Amino acid sequence: MSNKLPQGWEEKKLKEVTSILGDGLHGTPNYSDNGEYFFINGNNLLNGRIVINEKTKKCSEIEYNKYKKILNDRTILVSINGTLGNIAVYNGEKVFLGKSACYFNVLEEFNKNFIKHTLNTDYFKYYIDTYATGTTIKNMPLKAMREFNFIIPKDINEQKRIADILSAFDDKIEINNQINQTLEEMASTLFKEWFENFNFPNNQGKPYKDSGGDMKPSELGEIPINWEVLDLKSISSKIGDGLHGTPKYIDGGEYFFINGNNLVNGMIEIDQKTKRTNKEEYEKYKKELNENTIFLSINGTLGNIAFYNEEKIFLSKSVCYINVLENYYKVFIACLFKSDYFKQYLFNYANGTTIKNLSLKAIRELSFPISKNICEKFSHIVKPIFEQIQQNQQQNQILKQQRDALLPKLISGEIRV
């Protein structure tokens, strides 16, 4: 830390602003599919929230009571093993912690959100990178967490003013995320009703199957009489993946080397971690992408999607690109990739134990029932939904950039409020 402090500020260690600082269970509890408590780790901490998904293990109340920690409305969580530095605020979720989640309870005389934003700075990220131990799997010792040193206004009201400015960005981002979740659910519900339940509108505007529409047998079960079973390669001009290797990175380069984690809510999200290169490297490894291209993450994280929008990018092997023959297929395929049908397909055909991978062969042979006429009608309805999701996501990127530009200046006292 600098010896020159802003007027009215002081240095503190994390242990001085918390009543307790510890981690979770160093072991494995007894899981229960019917349990109502979730056993979380560092990967469940994301963008300030605890995220529960289908992979999160459940436990009974008995197991929870064995291993629970003192979590309350003053609790902040940080990932300290494997993935380092993910932050979340505890909001009463029914959870208990694994060893990769550190928790601490901020004292009442300090603003909890100011502390949270301090942990989102590059200064804290540099600190944990410096003091983490281990080679393959990094670990942040609790002692080093307790000794983390930072500066803070003595006046809690100034702490609150700073935190409120930064939290306003987070709140708007969260609102957009919630809207996007609702929009995605709308699109997925319509997809399921039309392409799984076959209750698309018939000529009278009534649900086809429920109104007694004629069905026929197929290799995927009964489908409407005028439909067919196709596979992905039959409606695509090209299906491939990205570079199986590492390009030459160039700081400040104008082309981005993306992986599956860059595919977010239908668009490509570039962040500070995204590697850059120059046009020469890009020309070596570029693929033929166009307005009919959809991306799918196929290595590590599976099932993320994005549409191509003329970004200056080239792809890693964890990204598959699919050039569909007609633009209206894009929305259909995007919803297909988000469906329960595709999740089951991933379960059946993804390879690997530690790192999952879906082969290009499996993607090309993904089959589905379809009517081109109904698919076009579906796209006409759902395409504006995806466009709104992308607009919200673009706004979030701008908000994150603005927040991240303000963050170090506010937290350091360079800008006073």
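The structure is a predicted model, so local features need pLDDT of at least 70 and side-chain atom pairs count only at pLDDT 80 or more, while totals for chains, interfaces and linings use all residues. Residues are numbered from 1 along each chain as its sequence is written, and side-chain values use heavy atoms, with hydrogens and water left out.

**Salt bridges**

Side chains of opposite charge can pair when their charged atoms come close. Taking a salt bridge as a side-chain nitrogen of Lys or Arg within 4 Å of a carboxyl oxygen of Asp or Glu, a search of the whole structure finds 17. Three of them are listed here, including two that involve E147.

| Pair | N to O distance |
|---|---|
| K13 and E147 | 2.8 Å |
| K15 and E147 | 2.7 Å |
| R403 and D404 | 3.1 Å |

Let's start with K13 and E147, whose side chains meet in a salt bridge. This pair joins distant parts of the chain, from K13 in strand 1 (residues 9-13) to E147 in helix 4 (residues 142-147), 134 residues apart. Helices (H or I, at least four residues) and strands (E, at least two) are DSSP runs, numbered from the N terminus. E147 also forms a salt bridge with K15. Here the partners are 132 residues apart, with K15 in the loop between strand 1 and strand 2 (18-23).

How open are these side chains? Buried means under 20% relative accessible area, exposed over 50%, and partly exposed in between (1.4 Å probe, protein chains only). K13 is partly exposed at 28%, as are E147 at 25% and K15 at 42%.

R403 and D404 belong to a network of salt bridges that also takes in K116 and D170. R403 counts as buried because its relative accessibility is 19%, whereas D404 is partly exposed at 32%.

**Around T293**

T293 sits in strand 20 (residues 293-299) and is buried, with 0% relative accessibility. Its side chain makes a polar contact with the side chain of N323 at 2.5 Å. A polar contact is a pair of N or O atoms within 3.5 Å; within protein, one must be able to donate a hydrogen and the other to accept it, and residues adjacent in sequence count only if both atoms are side-chain atoms. A polar atom of the T293 side chain also lies 2.9 Å from the backbone nitrogen of N290.

**A residue after helix 10**

V417 lies in the segment after helix 10 (372-411), and this valine is partly exposed, with a relative accessible area of 32%.
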